[in-house]
Amino acid sequence: MNEMLTETRSVVVEREIPHRPEKIWRALTQPHLIAEWLMKNDFAPVVGHRFNLRGDWGGVLDCEVLAIEPNDTLSYTWNFTHDDAAYDLKSVVTFTLIPTSTGTLLRMEQVGFRPDQKQAYGGAKAGWQGFFANLEQVLARID
């Protein structure tokens, strides 16, 4: 089999944020805060919990919590079912929080983009930049 067909790409966004990991963790795991910076949801911070993210654009992502290490790591599936294979996405999003002297280095990696999913990949690269900007606004507002 041609290995090129099975290779996947990932989107990585890293940002130094001037807030404690505990504060960022709240924004990553509390449904009302997730709704403010990412999407409407029925998230629960429990491994195995299945939930949906509902975008303003009408799409629904099917997700399942894969890993939770409080104030350190959060990972969940990020699947979007679509008739067009270029948009039919099976991926995993992982957030890693690394304490720094001035706050936290927040790293997000979304893995699983196939080579034929150039538009989905490009959309994720742009989308995560916007989500992170929204997240920083939420963090600036909450205690």
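A residue is called buried when its relative accessible area is under 20%, exposed when over 50%, and partly exposed in between (1.4 Å probe, protein chains only). The model is predicted, so local features need pLDDT of at least 70 and side-chain atom pairs count only at pLDDT 80 or more, while totals for chains, interfaces and linings use all residues. Residues are numbered from 1 along each chain as its sequence is written, and side-chain values use heavy atoms, without hydrogens or water.

Helices (H or I, at least four residues) and strands (E, at least two) are DSSP runs, numbered from the N terminus. Helix 3 covers residues 118–141. Its 24 residues should span 34 Å at 1.5 Å a residue, and the end C-alpha atoms lie 35 Å apart, which agrees. The expected span is 1.5 Å times one less than the number of residues. Buried residues of helix 3 include Ala120, Trp128, Phe131, Leu135 and Val138. Among the elements that cover them are helix 1 (21–29), helix 2 and strand 5 (73–80).

The largest nonpolar core has 40 residues. Such a core joins buried Ala, Val, Leu, Ile, Met, Phe, Trp, Tyr and Cys residues through side-chain atoms within 4.5 Å. Helix 3 gives the most to this core, with nine residues. Trp37, Phe95 and Trp128 are among the residues with the most contacts inside the core. Contact means heavy atoms within 4.5 Å. Leaving out residues up to four places away in sequence, Trp37 touches Ala27, Leu28, Phe95, Trp128, Phe131, Asn134, Leu135 and Val138.
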